[in-house]
Amino acid sequence: MSIDLSALMACPRCAADVTPEFKCKDCDWQAAWRGGIIETVDEQSVHVCGSKVKSFYGKSPFPGYADSEDAISLLDKGLANPFIRALDAIIPHNASVIDVGTGTGQIASILAFRGEKRTVVGVDLTLEQLQEAERFREKAAMQHPFLVRSDLFALPFKSASFDVVISRGVVHHTQDPEEAIRRIARHVKPGGIVILGYYDGIGRLTHRIRRAVAKIVGHPVVALDPVLGRDDLDAEKKANWIADQYNHPVEHQMGLFQVKRCLEETGLTWVRSVPPFPESGNLAENTPDPGRLRAWFIQLGWMLRVTDQDAGLVCVVMRQAES
Ligand SMILES: C[S@@+](CC[C@H](N)C(=O)[O-])C[C@H]1O[C@@H](n2cnc3c(N)ncnc32)[C@H](O)[C@@H]1O
């Protein structure tokens, strides 16, 4: 089956439609091909934070692939993860999905592999991250996901063009997390879902204390970090974790109510936050809309999860109103 990605795209300069060759119909903008990756970044307009972030991930691809990783092992690993399993379960088999800040494309690859008729697009600013994703896609002999190099502040896609918009672990690494949320969320269709993973300021408090201790003693303390204490992770994975969690050049934290408000400004309504996972396993199951106070209690619950392997990375799920 051949999918015309250009139908979902818009010129990042003037917002006009683009041709199947990814050329703007109105101005002289055109995307380039870089070994399987659609290149749309205008380097001159990337913010200094974006430059720092892409040079950081260029040196430490995250999350990495094991040499032995293939489509089946990635799928097994993904489906063993309750979040990814629940995510896959709410995405129809013919849905259009965009993963903004896809990194090495693991979530996008799993979702593409699970739904042959899905249109899955993985977008990232860091070329080296996408090259890892492309190497894996070739090795696994997969046609999708589409890999697009783009700054999330200049996404080459139409507004309201995707059924599902995912962005996990990205907005807090940008110069303006609130604006990043708005830019990402506007690509969801009426009735579609946004899944946004961010570092919660209170939820990440335990990790911030760990990081302060690491600064004082000069290195991360293995006994304090549930990821570094794991026997099943090799030295390279642990080194990447240390780089990402202890030495990242750009990191902000947000609050649950703040994230919810940004998404509401884009017309979305509350579905739930994760953790906890819904007992039904249905990530799209509605929960009561938290006001400021309840949001704060949810965050407190996250803070108390001291053995949390995600170090305060939490998710908010919201839905765009039907038109
Ligand atoms: C921690 S990784 C998250 C990877 C993936 N979402 C996951 O959950 O495994 C953060 C990614 O965000 C990307 N990123 C940061 N700023 C970006 C921007 N302005 N536009 C697009 N991608 C960006 C980085 O290049 C990096 O690959």
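## Helix α4

Helix α4 (106-114) is mostly covered, with 8 of its 9 residues buried. A residue is buried if 20 or more other C-beta atoms lie within 10 Å of its own, exposed if 12 or fewer, and partly exposed in between, with C-beta atoms placed from the backbone. Helices (H or I, at least four residues) and strands (E, at least two) are DSSP runs, numbered from the N terminus. The buried residues of α4 are Gln-106, Ile-107, Ala-108, Ser-109, Ile-110, Leu-111, Ala-112 and Phe-113. Their cover includes the helices α2 (71-80), α3 (82-90) and α5 (127-139), together with the strands β3 (96-100), β4 (119-124) and β6 (162-168).

## Basis of the model

This is a predicted model, in which local features need pLDDT of at least 70 and side-chain atom pairs count only at pLDDT 80 or more, while totals for chains, interfaces and linings use all residues. Residues are numbered from 1 along each chain as its sequence is written.

## Shell around the ligand

The ligand is surrounded by 23 residues, of which the closest are Gly-101, Gly-103, Leu-125, Thr-126 and Leu-152. A residue is near a molecule or strand if its C-beta atom, placed from the backbone, lies within 6 Å of it. The largest share, 4 residues, comes from α1.

By class, the shell has 9 nonpolar, 10 polar and 4 charged residues. Ala, Val, Leu, Ile, Met, Phe, Trp, Tyr, Cys and Pro count as nonpolar, Asp, Glu, Lys and Arg as charged, and the others, Gly among them, as polar.

## Helix α9 and its two partners

The axes of α6 (residues 177-185) and α9 (residues 256-265) come within 9 Å and cross at roughly 40 degrees. That angle makes α6 oblique to α9. Axes are lines fitted to C-alpha atoms, for helices over the stretch in contact, and angles run from 0 to 180 degrees between N-to-C directions. Angles under 35 degrees count as roughly parallel, over 145 as roughly antiparallel, 65 to 115 as roughly perpendicular and the rest as oblique. From α6, the contact takes in Glu-178, Ile-181, Arg-182 and Ala-185, and from α9 Val-259, Cys-262, Leu-263 and Glu-265. Two residues are in contact if their C-beta atoms, placed from the backbone, lie within 7 Å. The residues of this contact divide into 5 nonpolar, no polar and 3 charged.

The axes of α9 and α10 (residues 292-303) come within 8 Å and cross at roughly 125 degrees, which makes α9 oblique to α10. Here Leu-256, Phe-257 and Lys-260 in α9 meet Arg-292, Ala-295, Ile-298 and Gln-299 in α10. This contact has 4 nonpolar, 1 polar and 2 charged residues.

Lys-260, in helix α9, is buried because 23 other C-beta atoms lie within 10 Å. Leaving aside its neighbours within four places in sequence, Lys-260 is in contact with Trp-270, Ala-295 and Val-316. Lys-260 and Ala-95 are 165 residues apart in sequence and 24 Å apart in space, C-alpha to C-alpha.

Thr-269 lies in strand β8 (residues 268-274). With 13 other C-beta atoms within 10 Å, Thr-269 is partly exposed. Not counting residues up to four places away in sequence, Thr-269 touches Met-318, Arg-319 and Ala-321. Val-165 is 104 residues from Thr-269 along the chain, and their C-alpha atoms are separated by 14 Å.
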